[in-house]
Each structure stands twice: as C-alpha cells, then as structure tokens.
Amino acid sequence: MMLLAFNSFLVAMLSVPIVTLISHRWRKGRALPAALLMGSLVVGTAVAAVGFWRGQRFQVDISQVASFSFALSMDRLSAFFLLLICSVSLPVILFSSSYIPRHYSGARRHWLWVLLPLFLTSMVLVVTSSTPFAFLFGWELMTLFSAGLIVIDGDSKQRRHNIFIYLVMMHAGAAAVIGAFLLFLPHASNFAQMRDSAALMSPLLRTAVFLLAFAGFGTKAGIVPLHLWLPRAHPIAPSPVSALMSGVMLKTAVYGLVRFAFDFLGSGPSWWGYLVLFAGAVSGLLGVLYAIGEHDLKRLLAYHSVENIGIIYLGLGSALVFTANHSSVWAALALTAALLHCLNHAIFKSLLFLGAGAISDAAHTLDLEELGGLQKRMPLTGTVFLIACCSIVGLPLFNGFVSEWLTFRSFLAGSEMTNLSAAIVLPLAAGVLALIGGLAAACFAKVYGVGFLGRPRSGEAGRANEVSLPMQAGMGALATACVVIGIFPGLVLRSLGALTEELLPGAALPPEATSLTVVLPWIALFVLVLVGGFAGFKRAKKLTATWACGLPGLDERMQYTSPAFSKPLRKVFSRVYRAERTLEVVPGDPPYFPVSISYRSVRTTSFEKFLYRPGVDAIVTAALRLRRLQTGNIQIYLLYIFAALIALLMFMRWA
Amino acid sequence: MTLMTNVLQVLLLILLAPLVRGVISRIKARIQNRRGASVWRPYADVLKLFRKQDLVPASASFVFRLAPMVVFTTTLVVAAFVPLLHGSALLGVTGDFVLLVYLLALGRFFLMLGAMDGGSSFGGMGASREALVSTLAEAPFLLALMSVAIAAHTASIAGMVQWTMGQNFFQFSAVYALAFAALVLVAIAETGRIPVDNPTTHLELTMIHEAMVLEYSGPSLALIEWASAIKLTVVMALLIALFVPWGMASSVSALALGVASLVMLLKIAALVLALALVECSVAKLRMYLVPDFLGVASALAILAVVFTALMR
C-alpha cells in the first residue's frame, strides 16, 4: 500500500512537466500543473507521515532491471526528511500557483512549472535513496535544477557571476561528497553494505570519510566559510524558489551529514563533535551579524539561513560529543533538537521568503528603506510575517523556541559528563546560542519594525494592497504550523524520539525533554485568556498624531531607518564588518559650505578577501601556465598521445 | 495548601511590586535631601492611567496596542516561576531557567515593536538601544543561571532554590559569588536601572526604556509601568531565592509562612536600600560603555560556568 502510494507520488511528480508542456496551449489548463503538483505533494506528505509516525519501511529497487544500482528505500530518517520536503513545499506551491502567473508569462512560466517539480523530485531522491548512485544522481540534479530556476528570473552579468559561483561551489562540495562515498569501496553498492563495512574501517579512513562528508555537506548547508554562495544565490531566485532553496534544500545537506555521521559511522572521536560545534558557533554568530548589516530583505534572510544552519550544527555537534562519550541518552536529546530545528527552520524560513515575495508583489521593492507601514495595508501578510519573526528569533509559544530549548538542555546535560573538556565546552556553547538568539531578536525587530510598522517610507509602500487569496492561504498554513508546533511540540517530539532511537542504539529521549510539552499549553492558554481579556475589555481609544516635541511637520523620513537601528550593534561588533568607507568632500568657496559630499561604505566579507581571493588567483595563474601546453599544433598533440601511451604501457608493465 | 501558597506568592509579587518601586523612589528622595512622594504613589499612578483614554498614533497598527498586553502577560508568567516564601513555585518544577530568560525576551521583543509602531524617531531610537542592551545581556543572564543549574543538577528554578536551601551557608562555594555578581549586573541592565538606563530621565536623547514607551498613554502605559515594576520585584526575588534562600518556609504552615514573609520583606528591603544607594551615587554610563559593563558580566558568567564545571 505504502509502496503503491510512494510510486504513484513519484510518477505524478514526474508527470507535471509533461502536463505543463501539453496543457500550456489550452487556456483552461493553466491551473493544471499547480493542481497536479499539489495533489502529488499531498500523497507524498501522507506517505511520509505514515512512515515517520508509524515507522513503516519499504524499498523500491530497480537494480535488477537497470544496469546500475539504483534503489530507493524509506526508514524513519528518510521519512522525516520526506515529510519536511513535502509538507513545506505544499503551501509554497499553493502560494506559487497565484504568484507565478502574476509575475511570469509565456515561456518563463512554463519553465518554472517544468523545473519546480523536477527540483522537488530531485530532493525526494536525495533523502530516499539507498544506494550511492541514486543519492549522487539526485544530489547533482538538485544543484542543476535549482540553478535553472534561478536563471529563469532574469539575466545580467552580475546574476551570471552569482550563478557561476553557486555552481562552482556546489560542484566542489559534490566532489567531496563523492570522495566520501568512494572511500567505502569496494563495499559501496548500497547503504546497508556501507553501514556494515564502516565498522571494519581503520580509524584514519573513518576520519577521512567524516571530514569529506563534513566539507561536502557543509558547502551545501552553507556553514562559514563555505557560505559564500548562499547570500548570492538565494536572493536572486524567484521568491517561492528562494523559500524552497533556503527552507528545504539546505536540509538535504543536514540529512547527508546525519546519514554519514550517525548512520554509517556510528560514533567517532570527540573532536569530530567539537569541529561541528565550532563550525556551528561560527556560522551562527557570523550569519546573524552579517544579517544585521543588510537592508535588502532577501539577502538578510539568506544570511539568517547561515545562522540557523549554525544552530542545527550546534545540536549535531553536541550529539557527536555525547556519542563519543558513550552517553547516548543525551545524544538523543541533542540530535532531536537538531532535527526538530531542521523542520522548524524549514517552516519559518519558507514563510519568511514567501512573505518577502508578498512584499515585492505588493510594494515592488525589497529594500527595507522603501517599506514601512505594511501591517495596516496587508494585515494577513503582516501578521504571518510577525509569527515567522517570533519563530525564527526563538521566542516561547513559537516553534523555533522548542528546538532551541532542547539544544540548551543538551548543553546543560553536557555538564554531567565525566570528561572535563565536554563538561566545560558544552555549557559555554549555551552562551553562544544565547548571544545568537539575542542578535536575531535585534535583527528581526529591525526587519518587522522598519518593514511593517510606522509610516510607509515610499509611495509604493503606501499604495500596497493585500495579496491574493492563494498566497495568503499558503502563508497562513505555514504560520499555523509555527504556532501549533510551538505550543504542542509533543506532536513531533515523540516520533523524533523514536527516530533517534533507531539511529543511536540504546537511546531513549530523556524525560527532561517532555517537561516543556506540559508547561507550554498552559502558558499559551494563560496568555490567550489574559490578552483576550484585555483586548475584549472596551477601552476608550482616540487616534492622535505622533508626539513630535510639540512641533508640526513630522514626516516618514524622520523615522528610524534600518541602518540607524542596527548602528549600535554594528559599532560594537565593528571588527566583524570591516567596512571600507570613503568620504569625498568637494570644498566650496567659503570652505565651511562644501559643494558636494559623497559617502560610500562597502563591506566585503573578510573571507572573500583573505580566503577565496588567493585561492582563485592561484588557480587562474596555474591555468595560465598550463595554457602553454595547448599550442594548437597537431604534431605536438600527437606527441602527447604517444607519450601517454608509452607511460600507460610502462605502468602496466611494472604495476 | 501548597498550591494555594504558590498562587499567593504570585499574587504577592504582582500586588506588592508597585510598592517596591514607591519605596525605592522615596529612599532616593530622602538621600537626595528631598521629601519625595508617598510610597503608595505608583498605585495611584496605575489606577489613574487605567481610567484615562488610550491615545493611539494614527499610523499605528494593532501591534501598538498588543505590545503592552504581551509585556504584562509574559511578566506575570515569569512571576509564577520564582519561589518567594517556600521552596516551590506555581511553575517552579516544569519552568526552567531557559524558559524564564526567553519569556522575558518575548515581552521585550514586542515592546521594541510597539515602540517602532509609533512612527517617530524616539521610538526607533529607544528600540535600537534596547536591542543593543538586551542582546548583550542575554548571554550572561543565561550563563549565570546555567552555572547555578550545573551546581544544583537541575534546570528548574524551584529545584535550584531547594538545592541551595540544603547547603550550609558557611560551606558555600565561592564560585557562587561569580554567578551572583554576573546576575546582579545583568539584573541592572534587564530592569533598566542606573548605570545602564535611568528610569526617571526627562531628556529623550538619553532614554532607553522611556523612549520606547514615549508614545504610550492611558491603560497601555499603566500595563507597561506595572509590568516593569513586577519585573524589578521578580528579578530581586530571583536573586534572593537563588543565592540567599535561607529563611524560606520548609513546611507549609501558617506560622512558617508568616516567618518566611517577614524574612523575605527584610531581604527585599535590604536589596531596595542597596539599589537606592547605588542609584544615588553612580552616574549613568555613556551608551557605548554599556557593552563593556555587560562584557564584565559575560566574563564573570563564563568564569562561573567554567569553575562550577571544574569544582563539581
């Protein structure tokens, strides 16, 4: 039954592009691709939900009929990530069903409907594959289809450059992932074999596998300093695609790391854990600090993806430290925290990107300086955006808090370790997480306060209207999920506990994890009753003008701007930003009244300057040197072939 | 009976909070050689404000009026975490220190949004400064509480208090002094007192908290004022409960609770006096010195965690 449903889900997904190409001439068929895609996603969600909650497994193996080993299977881990992909994409597609026709026409629209299902299918392939071939096949397609989706949104030199960086980094990462798989040879035909052979590997080889997987999946996840592509590629995609890339695609990298580190390798030395923990702390802090310095909404959100991947890595790192110290109960808690944060981030980050799409739809800009006052003009979009902001900041009663709370609790549990370094490092990591949380709160107070509150800062923002109904419904569904998981985390926690039990033998979610599920509904009820009571209590209300020190003429330019809001924090953390400022003053006749003043502040992250630039320069120099080999003279090429032949023959003779 | 005492504790914290504020300003006035207003003045203020109209800027959205309610409600929930008269609280067992810190953050986040909804530069200025202070205060706050949690082997506030009550005062770990010092610095920043912020300032350019609530009036302002009074009292009660809980009732009987109330009143009076003395003798810090102030708190909190882990 499950197998049938899963197969029909795949077939339905793959049929959407064909249906799009057939139906686009037929006027009434315009809504068909979206409807078909949503229908198949509903089936996919149902399959994944049954697999996740009931723990049913099944396998689709076409290795017998094909010449390569290609098999899909589902265990709880796959089911969880499949659930994440399908359930989050469903509202995103609902949003797109109205967003895409409004913004794209003709061939571009058809290409979107062709590539979107293919992109989703490639992600499904990645998380359900049970052979390296199938995994890498999906992994590669995922990169290519997402790049294709970015290309649709327009063409310029800058965009091509960004897409180029995206592709180069993705392939460098894919090379590392392929390397990690190759190290399992000759026992690498399917995952079960790899699991068995990993136990027999030498410690050195295991470390090599881990490091390659860490680097390869880290590139996809966007950990600092491999994050360079993320703030370039995500903002230039169409908003629903950004939502899928940031919310869903990054999680496949977390899936890969969990599969390698916990499923294949099982456990390792504790420095693996410290490495992941450190990567998470650096990504989290730098991600949110860079985000604070941005005022383009989508770039800002992209940097927040780096931050949240950092939080997920903090959980994963502490889980690895616990497994290394043979404390699988606490490892289960930390791993649960990381996985739950994957789901939570998928939900609220998709919602934020959809919100950005709704803003650009209504106000035609994503520059925070041009927005303002949108809450009154777009009540639903504003409210769901507020919910998403509270979730990403990790405030209680919203979903982000639950996973951050679990991470905090796992850090506290670290103090119970007999290993002294774990007992000191893990509790201190809580300080880092608290700082990240505080910075995120400042950043989203800025985003929501400048973007949605106060007065509109431009005419476009003042004329904004609420977006169409399907777009509202898509965002509303995601916002509901934020609140439901935030108040009743028990719904997912129990099954996640079962999932971690599968991954970490002998582990059960400790009872501490459930104390939150008891107290949160009561707090929610109390807050609801009290706030409802206050709101219901009729208070005389009078509209007035904003206080302007008794002077007339307060206008929207006098409001605090986004750079002004973040200035104190940027000043305190100025060593992170290293802005290059140039001030040019052209003096006038009396030197006190300059003719013109121009000020420029450019922030290039130190990574580009000190880490990537030398590497890129070295590669380019080497390539130029090697160009001398390419003379264009056919005799020389024949000589190369001859020399290669001789070398191979000699190799065969002595090897 | 325990449940009733727990409810009584929350009610005491809520109802006595304005009095604590009144006493502080009265003592400050005496130190500064003024007569000062009656200690009951904060009650009169809140009552007066509740009877007034709510003035809302024309540009503001529903967030403007929602924010004070959220601030007030979250402060009430936090009040239910802290043991006052005996070693237990309404949410003391299930409510842990992470939830406490983040509930306060929830209220603050909404207050910042409410400030920005007014559409004037003062609100944005206050919110921006509050963002700076609260961001840097969050990590030391959490770490200092964590060091106590590590020592007590529990995350719940009531559990920590019961553990401390079981300790002998004279065998008390000196490491605790670090956590206490860090928490005191954080508490000053968190409740917006001198030297971080001046609650009685009249100059918009130096305001933090007051700039945020500049646009509020009537019942909304009453909620904010009352909430900040409760927050001050709750933070004081938290400091007492975590570090000097001796004297709290070990059994729930009328006599023990009566004695515990007297002891608690004395402790709070001592803290109030100390606060008033500090506020009269120290000047407010320049805003860009506040990060250094909180940096000291962070360093103390980190040391507290490291030493607690080492001594365990």
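**View 1. A:Ile85 and its contacts.** In this predicted model, A:Ile85 touches A:Leu120, A:Met123, A:Val124, A:Val127 and A:Val248, leaving out residues up to four places away in sequence. Being in contact here means that two C-beta atoms, placed from the backbone, lie within 7 Å. Since the model is predicted, local features need pLDDT of at least 70 and side-chain atom pairs count only at pLDDT 80 or more, while totals for chains, interfaces and linings use all residues. Residues are numbered from 1 along each chain as its sequence is written, with chains lettered from A and ligands numbered from 1 in the order in which they are written.

**View 2. The largest nonpolar core.** A:Ile85 turns up again here: together with A:Ala213, A:Leu351, A:Ala388, A:Cys482 and B:Ala182, A:Ile85 touches the most other members of this 349-residue core. The core lies between domain 1 (1-190) and domain 2 (267-514) of chain A, because both give residues to it. A nonpolar core is a set of buried Ala, Val, Leu, Ile, Met, Phe, Trp, Tyr and Cys residues joined through C-beta atoms within 7 Å. Buried means 20 or more other C-beta atoms within 10 Å of a residue's own, exposed means 12 or fewer, and partly exposed is in between, with C-beta atoms placed from the backbone. Helices (H or I, at least four residues) and strands (E, at least two) are DSSP runs, numbered from the N terminus. Domain bounds come from an automatic or database domain assignment.

**View 3. Two valines of chain A.** A:Val276 sits in helix H11 (residues 270-292) of chain A and counts as buried, because 27 other C-beta atoms lie within 10 Å. A:Val276 and A:Gly317 are 41 residues apart in sequence, yet 4.7 Å apart in space, C-alpha to C-alpha. Apart from residues up to four places away in sequence, A:Val276 touches A:Tyr313, A:Leu316, A:Gly317 and A:Leu320. A:Val329, in helix H13 of chain A, is partly exposed, with 16 other C-beta atoms within 10 Å. Setting aside neighbours within four places in sequence, A:Val329 is in contact with A:Ala507, A:Ala508 and A:Pro510.

**View 4. Where chain A meets chain B.** Here 62 residues of chain A are in contact with 57 residues of chain B. H17(A) gives the most to chain A's side, 16 residues. That side splits into 42 nonpolar, 13 polar and 7 charged residues; Ala, Val, Leu, Ile, Met, Phe, Trp, Tyr, Cys and Pro count as nonpolar, Asp, Glu, Lys and Arg as charged, and the others, Gly among them, as polar. Strand S3(A) and strand S1 (residues 54-57) of chain B pair in the parallel sense over 4 bridges, pairing being called when DSSP finds at least two bridges. In S1(B), B:Leu55 is the bridge partner of A:Lys542.

**View 5. Helix H10 of chain B.** Residues 254-281 of chain B form H10, and its 28 residues should span 40 Å at 1.5 Å a residue, which agrees with the 41 Å between its end C-alpha atoms. The expected span is 1.5 Å times one less than the number of residues. Buried residues of H10(B) include B:Ala260, B:Met264, B:Lys267 and B:Glu279. Helix H1 (2-31) and helix H9 (218-243) of chain B are among what covers the buried residues of H10(B).

**View 6. A strand pair in chain A.** Strand S4 (residues 580-586) and S5(A) run antiparallel, joined by 7 bridges. A:Leu583 has A:Tyr599 as its bridge partner in S5(A). S5 (residues 596-602) is hardly covered, with 0 buried among its 7 residues.
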